[in-house]
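Have the sequence and the 3D structure at hand while reading.

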Amino acid sequence: MSRTPLDTVEHAAETPDVELPWAELGLKKDEYERVVEILGRRPTGAELAMYSVMWSEHCSYKSSKVHLRQFGEKAPQSDALLVGIGENAGVVDVGQGYAVTFKVESHNHPSYVEPYQGAATGVGGIVRDIIAMGARPVAVVDPLRFGAADHPDTKRVLPGVVAGIGGYGNCLGLPNIGGEVVFDACYQGNPLVNAGAIGVMRHEDIHLAKASGSGNKVILYGARTGGDGIGGASILASETFDDAKPSKRPAVQVGDPFQEKLLIECTLEAFAEKLVVGIQDLGAAGLSCATSELASNGSGGMRVTLDDVPLRDSTLSPEEILMSESQERMCAVVEPEKVDRFLEICDKWDVIATVIGEVTDGDRLEIYWHGGKIVDVDPRTVAHDGPVYERPYARPEWQDALQADDANKLARPATSEELKDQVLQLVSSPNQASKSWITSQYDHFVQGNTVLAQPEDSGMIRIDEESGLGVAIATDGNGRYTKLDPYHGAQLALAEAYRNVATTGAKPLAVSDCLNFGSPEDPAVMWQFAEAIRGLADGCLQLGTPVTGGNVSLYNQTGEVAIHPTPVVAVLGVIDDVARRTPVAFKEEGQLLYLLGDTREEFGGSAWSQVVHDHLGGLPPQVDLERERLLAEILISASRDGMIDAAHDLSDGGLIQAVVESALLGGKGARLVVPDGLDAFTFLFSESAGRAIVAIPRSEELRFNDMCGARGLPVTRIGVVDGDEVEVQGEFTLPLTELRTAHEGTIPALLA
Amino acid sequence: MTARIGVVTFPGSLDDRDTQRAIKLAGAEPVALWHKDKDLKQVDAVVLPGGFSYGDYLRAGAISRFSPVMETVIEQAKSGMPVLGICNGFQILTEAHLLPGGMLGNDHLHFICRDQKLRVENAETSWTADYESGQEIHIPLKNMDGRYVADEHTLDMLEAEGRVAFRYVDFNPNGSLRDIAGITNEAGNVVGLMPHPEHAVEPLIGSGRTDGLPFFTSILKKLVNA
């Protein structure tokens, strides 16, 4: 058996004419030429592997970068931001010396191919980002989108995704406190599996991904490296890579939550003993990413001996080792005198840890294999100087027709009987129905700090047992609104998440986002993307909530058909004392129900238009961010001063959806009166933004009204908590038992 | 004086800190124990907490049962030291044969997390004396492998001897035989159950109930009065 000579840097310099499989690795011709120009010679196979994965859309953000810059340029002044965009996750000051890090990421494509492992490793990846900042992960959230609820493939994808999230997150001991589940035919071939996580640390414990200090050791720890998850495995099949090697395995990684749990504990123990100078998790692009990012963010260079990487499969080539995305691995930079103690802690937790290199004086990243130097690059050129594209974008020609197809002109219920039927139809539709069949597969009790979890408006976690300090998180996105108007659709997602946090009594502080779109090579998609980012950046500026980081997922399309543009926005908030939180459920009979905000005839993109008419057209609800801010201030003050006992934001499905949810959760009915100036249909189904309902003890009515009056927020008394039915006076009465069957029966009937 | 109650951390234990908090809230002193260490640090009682020790690989509790710490726990339990196994801890106790029977996967094949209604069937064990016999309580439940099984003879014996400590009420969440949620050994010092009393100790957190606190006050009273 003959062996091709090792493709060292020296060999590459001597053999300039060797053809490398850059196209199969996903690089464009000009991108490859740029690599050659940077190096002043052809790259080695290992260098090509690194550049190709790091310059991929996923790692380099080459199509989105020019737009994402707005999040920095338009960032609002915020004292809360401790670490911004660019690190593993943003970090926010929540007071009392605590810092909170949070982020949302996508694992869309793998979850369609292999739902269980795709979703599981999505949780694993985001949790490692949180640990890498120095924080203990305290909760996860999962915004999910699937194809039509009754499509046969949804029954394959959804249960697998849910079991994967549960299987991984439950085993890590992280409460799952929020998220969304949305069904729409547009996600049929492209389910969106987004995963968010929150971590908590003290200010002084913040860690960054950088390798500084010449002589410091680079330690790889966690799972062994295998042939799983090599980005687009087949692209490696070439003359330099042997066909029979394990890199042909499916590109979806396989998760081991037990290993990750050990990784969390041993990393936190090492942090606690101040043993770590810099740290990076291994996610997309594996060691290529970790070494180049650590080196380029630090002050020196780095030398790595790839032979020292513990392998699961001894036949892996150096290129494969560099590209492997095996899960549950981290890379730490540790001062030489602290290495022994670091290794001791890893040993205590039965975690494999190996010194694979060290920080050097120079500014080069050098990687050795079998004694030969196979990588010699300026790490910045790999990690940060990737290509940047100004993709063409254009408002699609169908946008006008879509917006002209006004949902406000759809046939409305003509009789009270029809109105009642449509209420039942709405609350039992898959999107509006109870998701407890799904959320009951997630542990929301573990760690013993969960104050609120789904189906509450936001998840809330206590972070200090003495003071009661807590944080809240909500994630929202509405692809239908965003399709109708990407700029305002993105702002509506932001407004809803912001409102959801405030409804529970927490003050919104910062934003993370997961931007799910179709192909950037389609100018119409690129326009949606550009508009959505512009809307989000403008919105964050106005609300004073900076974007701290996030993730872009492109190419979510099947053939020519893209998903609805779906920016998912996560808002993080803080509450001084979780005892003041406001839940959704109606608990006390006799309490007064008030509607806050203005209700207009707004049905474009609404749940009603989808459920009753299978329609998408017109314009989404108006956005008024100043109103959102005022509403939030009122909700937070009312919670702090003990004026309200329950509150629920109004969004998809409108007021009746919110009332039914609050009534079912508390087991108490409501009697509603249609306010003057509104018809019953608009009152119940409109999706006007900037609204919430609250339940107020009679003793607080005057004080609450005075506060809203003084600050100029319109409030309308709409009824009272009472009995065991939901009654809309003069229209219909629905017993809670009937509503419960309708609302809770749908999802199990479809999926169980 | 107070009592020292040990909580063992196995690799993959998840509710160890929560259990320590519950012990503290009840007024006892929690002591962290490590799975590789045979030394029980002179604790008066031990809790094996919930979680996925060793990832539940092979079979829930099957590997942890052989941890060094378990050698001492088994020995001391046999000579009367109170031991409580919660969820994964219950699984470990059956694997260690301190309690009869075993746990299989839930009959519906899904993980299940809910606030579960239980009936206290035996209020005379070391861990249940602060309840009334027949009292109905709500305790969070969260597991993948929670279906209690044993042969008919063992089930009959458990019932005849009053060793069924807790039963599921209104809804059997996992297909456990005879609705059994928890059992005790003959002496009443070793108790195992699938639901998580440590998640029901504060009015604001988790299920928002405190129905689980009597587990920890029961043992404290027993130890302090002993």
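## A strand in chain B

A residue counts as buried if 20 or more other C-beta atoms lie within 10 Å of its own. The model is predicted. In chain B, 6 of the 8 residues of strand E7 (residues 136-143) are buried, so E7(B) is largely enclosed by the rest of the structure.

E7(B) pairs with strand E6 (residues 112-120) of chain B, and the pairing is antiparallel, with 8 bridges. Within this pairing, Gln116(B) has Ile139(B) in E7(B) as its bridge partner.

## A helix in chain A

Helix H5 of chain A spans residues 65-73, and His67(A), Leu68(A) and Phe71(A) are buried there. These residues cover an arc of only 100° around the axis, so they lie on the same side of H5(A). An α-helix has 3.6 residues a turn, so residues three or four places apart point the same way.

What do the buried residues of H5(A) pack against? They pack against helix H19 (523-543) and strand E18 (547-553), which also belong to chain A.

## Where the chains touch

The contact between the chains takes 25 residues from chain A and 24 residues from chain B. On the side of chain A that touches chain B, helix H8 (152-172), helix H9 (257-272) and strand E14 (450-452) each supply at least two residues. The largest share, 4 residues, comes from H9(A).

By type, the residues on this side of chain A divide into 11 nonpolar, 10 polar and 4 charged.

Notes:
Residues are numbered from 1 along each chain as its sequence is written. Chains are lettered from A and ligands numbered from 1 in the order in which they are written. This is a predicted model: local features need pLDDT of at least 70, side-chain atom pairs count only at pLDDT 80 or more; totals for chains, interfaces and linings use all residues. A residue is buried if 20 or more other C-beta atoms lie within 10 Å of its own, exposed if 12 or fewer, and partly exposed in between; C-beta atoms are placed from the backbone. Two strands pair if DSSP finds at least two bridges between them. Two residues are in contact if their C-beta atoms, placed from the backbone, lie within 7 Å. Ala, Val, Leu, Ile, Met, Phe, Trp, Tyr, Cys and Pro count as nonpolar, Asp, Glu, Lys and Arg as charged, and the others, Gly among them, as polar. The arc is that of the directions from the helix axis to the C-beta atoms.
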